[in-house]
Every structure is written in C-alpha cells, then in structure tokens.
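Here are some exercises to work through with the model open beside you. Try each task before you read its solution.

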Amino acid sequence: MEAIISGINWLDDFIWGMPMIVLLLGTHLFMTVRTGFIQRKTFTGILLSVRKDPDAPGDVSQFQALTTALASTIGTGNIIGVGTAIFLGGPGAVFWCWLAGVFGIATKYAESLIAVKYRVRTPDGRMQGGAMYALERGLNLKWLGVLFAALAALASFGIGCGTQINAIAEVIENNIPVGIPPIAIGVVGGLLTGVVIIGGIQSIASVCEKLVPFMAAFYVLGCIIILAINWDFLAPAVSTILRLAFTPGAAAGGLVGQGLMAAMRFGVARGLFSNESGMGSAPLVASAAQTRNPVRQALVSATGTFWDTVVVCLMTGLVLVTTIMKNPAIDMAQISDGGQLTTLAFAQIPVLGPVILLVGIITFAWSTILGWSYYGERCAQYLWGKRALLPYKLVFVAVVVVGPVLALDLVWTIADILNALMAIPNLVAVLLLSGVVARETRHYLGNLDEVDQTEIPRVDK
C-alpha cells in the first residue's frame, strides 16, 4: 500500500509540474486575448443569468444551468481546498488561486461556447454537449472526445463524489460531539443523492437553483464576520500573500512561504479544483441550457468562475491567513490538513462559527455531488448510450456510501491527477477551436438577442 501511495504521489507531482501550469495559465491568457478580454462582460453575464428564454432550445433555464455548474464548483475546493493550498504551498498560493480564477473566466467562456455550438439532441429529445462533441464534430477527433468522456466519468467518482462525502464526514466528526459512524453518513448521503439524481437534469437543476444561492450567501456572511473580527490583520495578510507568492520566507503567525513553484503549483491546482475552468466539466450542463445562441450561455457560464474563485475562494484565503496571523499561538506544525485550518478560523465566531462551517461544507459538498453526477451521466451516455445511465447512477451512489471511510489525502491526490488528465483534451479543443470562439464572439456579442439558426443534429444514443 505504501508503494501504491508513493507511486500516486509521484504521478501527481509529475502531472502537476511546470508543463501543466504553463498549459493551463497559458490557455487562460491566450483566450483572454483571443476573446478581447471577455472578463469585461462579466456584469452582462450576471444580468443574462437571471433572465429566462423559454422559447430557446434546451432542457433547463440559463440560471438553472449556472446554479448546477456552481453547485459542482462551489464545494470543498472553496473551503478545505484553499486551506490545503495554504498548508502545502504557503499563503502565496492564495494569489495564484485567485489569478487562475480571473484569467480562467476567459477559458470557461470559450469551453462553454464551443460546447453549446456543437451540442446535439439525443433520441429522447434531450440536449447533450461538451468537449467530446466539440472534439468530434468541430475537429473530427472522436478518439480524443472518447478519452475526455472516459476521464470525466472517472473524475466524477473522485472530485465530484469521494472527496465531497469524505469532507462531509470529517466536518461532522470534528464539530458534532455525538459520535456518528462514517458509514452511516455515507448511507444517508447515498439515499438523498439517489432520490435527486434518479429524476435527471430537471430534478438536479431544481434542487440546485434553490440550494446554491442560500448556501453561498450563508458562507460568505460567515467570512465577512470573520474578516471584521480580524480587520487589523487584513492589510498585512494581503501584503503577505503577495510577497510569498513569488519568494520563500516566513511571516507572522508561523506562516511560511514555500517559494514561487510551490505557491504556483498548489494555487493553480486548487484553483482548477475550485472553479474547474479549463477542465471541461461545466460545459456539460451549459449545453442543456435554453439559449438563443452560444455566446449568451457562454457569458452566463463564465460568471461561475467569477463567483467561485474571484469572490468565494479569495474570501476564504483572506479568512485563513488573517486568522493565522492574528493567533500566533496556532502551531502550524500540529496542523495536518487544510480542513483543520478552516475549523480554527470559523471557531472565532462564538457559537455560530462551527454551525456556519458545518452547514457550509455539507451543503457545498452535497451540491457538488449532485452536479457531478450529471456530468458523469452525460459522459457515460456518450460512451455507451442510454443503457449506461442506470448502472452509472447505481455505482455513483455506491461511491457516496463508501466515500466517508476512504483516506482523504489519497482521494485528493487522485482527484488532482484526474482533473489534470481530463483538462488536457478539453484544452486541446479550446485552443484548436479558438478561431471559432473569436468569430462567434465578434458576431454575437453585439447581437445577444439574435437567434442561432444552426440546426441541432440528432444522435442515435
């Protein structure tokens, strides 16, 4: 077992080396230029997200598609993931996580645009799209589309399931004095998940559009309270984050910067885990949205990265760094993971702090499970047809049940590996179809109400 763990850790270090960081950040920067700095249209995307377009083709509203995608991205990556990045890469990792989010808006826009443009209609009348169809229909690279779908289906059991239910079990164990067996948490989680996902995208989207706004507002309120408590340390925390993003060194409160490479690696990795820009996951649900043209939904989807990383992850990072700087008695050598950092931070709020953290992680993680079940389901149908849907859902629920007894560090590492592997074929599609993205953007950006006359083809599975 030690040899297996060592091999997995080596593979994670290899995949998340400089080439992957260059590919990911390079794509973010390239698509920012190629789209004419599409980040400037973030507010337009926010306005579009709350408008309905029921006459447009699609299975769910644009807001439902966005909240389902946010359900998948606003998860433990925003809470435990940021803490893990600080624990492993130092406070400077917060800067690289945030920067990956700012420029990642352009990549999320681009991957969603091509997903909608090349989407298809299944025999039962549902919309289906994503990187696999962009690769197959836009680039005639079906084999690469199959590879993406297979990797995404596997990733759904890691990033979208195992890590999430494991985090729920851990936070319950740390915050509820009454001992609850981890397997019992898994069984309850499996039952609740099964009830929702059996109804397909309409059922998942209906739950997510109600749950996501509540859980995000509840968590952000908690962060604001903590930052108010730690107000005197806010400016020093920002200075420390910026300094340790580029150079190794020590700071107040026992914080240690690991240097540029460590800060970049863990910041970018957790940024990808959090906002999933470049990974190709959110476009799987964006393809189901009711939208008149690809650019409308792409703008809406891009706001997901803004909310997820530019806002929520940044607030989490500031909460953790200010807490450590304010409480020098915290022995960083005794901290074993990011979850403990987050628990200490929220403990500053009398009585309600642990409640906010508990509710936040449970709702964030469970909503991520729901969203990723749909992602994996779409990929399973692409690979094996509609007959694969029920077996996939049964296996997914089974992973939810056993997830709480898995080793968290190993699950996170495997999730990091799968994230990177599924990002590669998706980024190939984004880069090779960047000309299509630029052309569609120029055409529709000033004509957002124009209807795309392209006929949506039907597929036989």
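The exercises cover confidence, the core, aromatic rings, cysteines and backbone angles.

This is a predicted model, in which local features need pLDDT of at least 70 and side-chain atom pairs count only at pLDDT 80 or more, while totals for chains, interfaces and linings use all residues. Residues are numbered from 1 along each chain as its sequence is written, and side-chain values use heavy atoms, with hydrogens and water left out.

**Exercise 1. Find where confidence is lowest and where it is highest.**

Start with the overall figure: mean pLDDT (the predictor's confidence in each residue, from 0 to 100) is 86 for the protein, with 94% of residues at 70 or more. Next, go through the helices (H or I, at least four residues) and strands (E, at least two), which are DSSP runs numbered from the N terminus. Strand 4 (residues 256–257) comes out lowest, with a mean of 64, and helix 7 (residues 131–139) highest, at 96.

**Exercise 2. Work out which residues touch the most other members of the largest nonpolar core.**

First, the term: a nonpolar core is a set of buried Ala, Val, Leu, Ile, Met, Phe, Trp, Tyr and Cys residues joined through side-chain atoms within 4.5 Å. Buried means under 20% relative accessible area, exposed over 50%, and partly exposed in between (1.4 Å probe, protein chains only). The largest core has 144 residues, and Trp96, Tyr109 and Ile114 touch the most other members. Helix 16 (residues 352–384) gives this core its largest share, 16 residues.

Now zoom in on Ile114. Leave out residues up to four places away in sequence, and its contacts (heavy atoms within 4.5 Å) are Ala134, Ala429, Val430, Leu433 and Val437.

**Exercise 3. Classify the ring pairs Phe214 with Phe218 and Tyr392 with Phe396.**

Rings of Phe, Tyr and Trp (its six-membered ring) pair if their centres lie within 6.5 Å; planes under 30 degrees apart count as stacked, over 60 as edge-to-face and the rest as tilted. The structure has 13 aromatic pairs. Phe214 and Phe218 are 5.7 Å apart centre to centre with 20° between the planes, which makes them stacked. Both sit in helix 10 (residues 200–229), 4 residues or about one turn apart. Phe214 is partly exposed at 44%, and Phe218 is partly exposed at 26%.

For Tyr392 and Phe396, the centres are 5.8 Å apart and the planes meet at 35°, so this pair is tilted. These two are also 4 residues apart, about one helical turn, in helix 17 (residues 389–402), but both are buried.

**Exercise 4. Count the disulfides, then check Cys161.**

A disulfide here is a pair of cysteine sulfur atoms within 2.5 Å. Searching the whole structure turns up 0. For Cys161, the nearest cysteine sulfur belongs to Cys208, 15 Å away. Cys161 is buried, at 0% relative accessibility. Cys208 is buried as well, at 0%.

**Exercise 5. Compare Asn140 and Glu276: which loop holds each, and is each buried or exposed?**

Most residues other than glycine have a negative phi. Asn140 has a positive phi of about 60°, and Glu276 also has a positive phi, near 60°. Asn140 lies in the loop between helix 7 and helix 8 (142–175) and is exposed, at 67%. Glu276 lies in the loop between helix 12 (260–275) and helix 13 (283–286) and is buried, at 0%.
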